[in-house]
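Hi everyone, thanks for making time for this. I'd like to walk you through one structure, so please have a look at the screen.

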Amino acid sequence: MDQNQLRVLSRPFTDIKTRPGRNGQSISYIEGHAIVQRLNEALGGDWSFRVLEKEVLDGEVIVLGELRAGEVVKQAFGGSEVTKTRDGKIVSLADDLKSAATDALKKAATLMGVALQLYCAEEPPVAPTKPRLVETPPHDEPDVPEGNRLTRKQADFIARLAREHGMAKGEVDALARQHHGKSANFLTVKEASLFIQQLQEAA
């Protein structure tokens, strides 16, 4: 991937959308088709995306996607709530999986520099550095119901990311406590999905 392609990928977007978030906050986002257009513009269509794994939970679907552009390969998790009717019936699991795959594509694309403006706020983009945190002593962990704790696949992926980036378990746990107030093994499924993104973006 050459410098011109990188410049196109990282060029700021002007068509930023917003939607309501939690606690009355507004969430900024880029639509999926705009991400695809940017990848096509920068790479001339010479890229591919595929879903490596998927998991359907009670209220959420999670997919692990892989974005390839030449020799550059980026992986990221994406998720979507399961849409149900008032009486609890699933509306369309296929649509939910498609939304989760689009979310994974967006997040993988950010690892190539696409739409980083949404994460950098008003700060100029800088080269990310790997966190080196002082290990903190063990402390009482919150009681997370076993059925709501991160999945084995998520735990294995966190461990793999730690190995790839030379992070000790204590560093990973310290980073998890910094972001979520608990060590990695006690994250919920949703917290683990977000933590994986934080590890990928910080590495």
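Let's start with Phe-77, which counts as buried at 5% relative accessibility; buried here means under 20% relative accessible area, exposed over 50%, and partly exposed in between, with a 1.4 Å probe and protein chains only. Before I go on, a word on what you are looking at: this is a predicted model, where local features need pLDDT of at least 70, side-chain atom pairs count only at pLDDT 80 or more, and totals for chains, interfaces and linings use all residues. Residues are numbered from 1 along each chain as its sequence is written, and side-chain values use heavy atoms, with hydrogens and water left out.

Back to Phe-77, then. Which ring does it pair with? The count comes to one aromatic pair, under the rule that rings of Phe, Tyr and Trp (its six-membered ring) pair if their centres lie within 6.5 Å. The ring centres of Phe-77 and Phe-157 are 5.1 Å apart and their planes stand at 90°, so this pair is edge-to-face; planes under 30 degrees apart would be stacked, over 60 is edge-to-face, and the rest are tilted. Phe-157 is buried too, at 6% relative accessibility. Phe-77 sits in strand S5 (residues 72-81) and Phe-157 in helix H5 (residues 152-164), so the pair ties together parts that are 80 residues apart in sequence. For the element names, helices (H or I, at least four residues) and strands (E, at least two) are DSSP runs, numbered from the N terminus.

Let's stay on strand S5, where we also find Gly-78. Gly-78 is buried, with a relative accessible area of 0%. Leaving aside neighbours within four places in sequence, Gly-78 is in contact with Val-61, Ile-62, Val-63, Ala-100, Asp-103 and Ala-104, where contact means heavy atoms within 4.5 Å. Take Ala-100 from that list: C-alpha to C-alpha, Gly-78 and Ala-100 are 4.9 Å apart in space and 22 residues apart in sequence.

Buried or exposed? Ala-108 is buried, with 0% relative accessible area. Beyond neighbours within four places in sequence, Ala-108 is in contact with Leu-67, Lys-74 and Ala-76.

Helix packing next. Two packed helices are described by the angle between their axes and the distance between the axes. Here the axes are lines fitted to C-alpha atoms, for helices over the stretch in contact, and angles run from 0 to 180 degrees between N-to-C directions.

H2 and helix H3 (residues 93-110) pack at about 45°, with their axes 10 Å apart. That makes H2 oblique to H3; under 35 degrees counts as roughly parallel, over 145 as roughly antiparallel, 65 to 115 as roughly perpendicular, and the rest as oblique. The crossing of H2 and H3 is left-handed, meaning the near helix is turned anticlockwise from the far one by less than a right angle, with clockwise giving right-handed. On the H2 side we have Gly-32, Ile-35, Val-36 and Leu-39, and these meet Thr-102, Leu-105, Lys-106 and Ala-109 in H3. By class, that contact has five nonpolar, two polar and one charged residues, with Ala, Val, Leu, Ile, Met, Phe, Trp, Tyr, Cys and Pro counted as nonpolar, Asp, Glu, Lys and Arg as charged, and the others, Gly among them, as polar.

How do the axes of helix H1 (residues 3-10) and helix H2 (residues 32-43) cross? They come within 8 Å and cross at roughly 165°. That makes H1 roughly antiparallel to H2, and this crossing is right-handed. Gln-5, Val-8 and Leu-9 in H1 meet Arg-38, Leu-39, Glu-41, Ala-42 and Leu-43 in H2. Those residues divide into five nonpolar, one polar and two charged.

Most residues other than glycine have a negative phi, and most peptide bonds are trans. Ala-115 has a positive phi, near 65°. This alanine, Ala-115, lies in the loop between H3 and helix H4 (117-120) and is buried, at 6% relative accessible area.

Finally, zooming out: the protein has seven helices and five strands, and buried residues make up 37% of its 203 residues. Happy to take questions!
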